[in-house]
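The following report concerns a predicted model. The sequence and structure are shown below.

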Amino acid sequence: MPETLKFHFTPADPPRPDEANPHAKESTQVADVIDQLRDAFGEAIGEQVVYAGEHTVFVDKARLLEIAQHLKAELGFVYFVDCGGVDRFTDEDRFEVFYNLVNVADRKRLRLKVRVDEDDLHVPSVVSVWKAADWNEREVYDMMGLIFDGHPDLRRMYMPEDFDYFPQRKEFPLLGIPGSLPLPPQTPRGPLTMDPYAAAHGSKPVKSYEEPKSEEEE
Amino acid sequence: MEIAPQINRARPGEDDVFSFWDRHNKAIYKRLESKHAWLDDARPQGDGEPADALEHQMTLNIGPQHPATHGVLRCVVKLDGEMIDKCVLDIGYLHRGIEKLAEAKTYQEYMPYTDRMDYLSPYNNNVAWCLAVEKLANIEVPERAQWIRMIGCELARLSSHMLWLGVGLMDAGAVSVFLWAFQGREEIYNIFDHFAGARFTVSHSRIGGVASDITPETLMLVQQFCDKYERVIHDWQKLLNRNRIWIDRNEGIGVISAEKALELGLTGPNLRGSGVEYDIRRFEPYLKYDEVDFTIPLRTEGDCLARYFIRLEEMLESIKIIRQCLERLPAGSIRTDDAKKAYPSKEEVYYSMEGMIHDFMYTSSGVTPPKGVWSYHAVESPKGELGFYLESDGTGHPYRARLNAPSFTNLQGLEHMMEGHPVADIVVLIGSIDPVMGEADK
């Protein structure tokens, strides 16, 4: 009897910890900064992760603001580059917020991460430390629904206020929810477009033009 | 999940036309009232009668469809006579959710979306995405591909700055430079047509290399372009550097100090115009930028004029970089030779069974970075630091792709920059910040 052939997709080899990354940068190797943070805050500084020459450190949500102030005032991280949210879709600590900080003078880049549980979506805002965090935190609120305590202006960034969902959460469907957002009408006097992807949702799309009347109608 | 009920509204064209997205507009106006502007600190407090609201004060919506806002940017400004008291920017009119879309695409499939982010310099976005994926999946890029990418990136920078110059000058009332700048862009499009096969949205870079090799004919075109435009840019400088009208419109407008620029998170030429030396090409050299000789223009004035000088000087530096790339372009392969990491070459695909299987596998599942890792890679796009933060779950799709868009961060600074200037300066300010809404709105 012939042997049955089996096809397997072989995924890429798992990375070895000593594997050198050709794109690794010197500036992201900031073990010394994390050590300094650990000296100053002890327990509040959690696990440290290294991948592709980038150091990431998890910090305690409750002491985030103190750590941010310390980083800016003592360790020279004056430039706030980016922050964003990640929906890990786990039972515990579902959300994650990362902060991408740069020390321009000493050429260092550090990533802080904070874990947020679904039952308590509040994160302290760092706008009082870095003004640049303003829009980024608004975006995380808009997309993930995390609430930044102490933010001066926590409105949605991209979606209109009339929208009731947080689209970048994993459970939000890619094609959107029909009826969740009124869009302008397709024709000058037509109804509001409630579902721009009507065909994908199985209903009939609204025409973007008015058909001329047939002779019989006239 | 509950489906939101259909909201009862008056039909457009009847009484309710202007109250589209009520809650949204109310929130913006509320913010405009409650905002504490930096201007308030400088203003004398206390004595003096409050100005007559009907005579002096006015709330004005500029955009999102105003041509001078360079796309769909909406500025809601509170005016006191001619002067802007407070400003609130409303963005998101071009929001497509490309971060969410990335989660449903393979890494290679996502590339055409990056073309449409900063649509004035698509090549830079392609390279930014590829480098981010290559860092995440630990893929090495052959030398030749890196040099080709650099040529593409610098041409894209030239093209973007040319558009900025032409449109910026047209905002200030000079139309002829717009036509000259667009001639230059046309030539860059022709070059891209020759080596990428597309004029505008090029999608030429590939994970692990580039799509096609650069031909001697294209190299000649690039060489001719450099020779011609070095002279042309000098001519532009002669016309504008001491032009009375241009200087009067720009000098001392939108002044941002180095500290404030850092605090607001400005990036790219806007940050360097304030005297902060932060250019990713030097800060974290990628490709071969640590091997070429170029200077980073720096000014300390922090006004619109400084940003103009910086961009023009950057164009000349780009030409310098392209010349070095042409000289040093090595022979060799243009894509990494590993079917798990990059597409096989077309010869392999057409003439070997394995090649075809690999091509198929790469299209369907593509590169699979290790599970549960994340990384961030930034490049210096014409607008500033353009970075991708990627998280992998071990499949061919990114688990989370986060785009750090320079236009987004720069617009945040613009909100503060506008306050205290007359309405007429809005167009010059928006121009000098050089936002692209495709990128800012994601």
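How many bridges join strand 3 of chain A to strand 4 of chain A? Eight bridges join these two strands, which run antiparallel; strands count as paired if DSSP finds at least two bridges between them. One bridge partner is A:V97 in strand 4 of chain A, which faces A:G85 across a bridge. Strand 3 of chain A is mostly covered, with nine of its nine residues buried (buried: 20 or more other C-beta atoms, placed from the backbone, within 10 Å of the residue's own).

The model is predicted: local features need pLDDT of at least 70, side-chain atom pairs count only at pLDDT 80 or more, and totals for chains, interfaces and linings use all residues. Residues are numbered from 1 along each chain as its sequence is written, while chains are lettered from A and ligands numbered from 1 in the order in which they are written.

Between the chains, 54 residues of chain A are in contact with 57 residues of chain B (contact: C-beta atoms, placed from the backbone, within 7 Å).

In chain B, helix 7 (residues 143-171) has 29 residues and should span 42 Å at 1.5 Å a residue, which agrees with the 42 Å between its end C-alpha atoms. Of these 29 residues, 26 are buried. Just after helix 7 of chain B, B:G173 takes a positive phi of about 105 degrees.

Methods: Contact = placed C-beta atoms within 7 Å. Helix = DSSP H or I, 4+ residues; strand = E, 2+ residues; numbered from the N terminus. Expected span 1.5 Å × (residues − 1). Buried ≥ 20, exposed ≤ 12 C-beta atoms within 10 Å, placed from the backbone.
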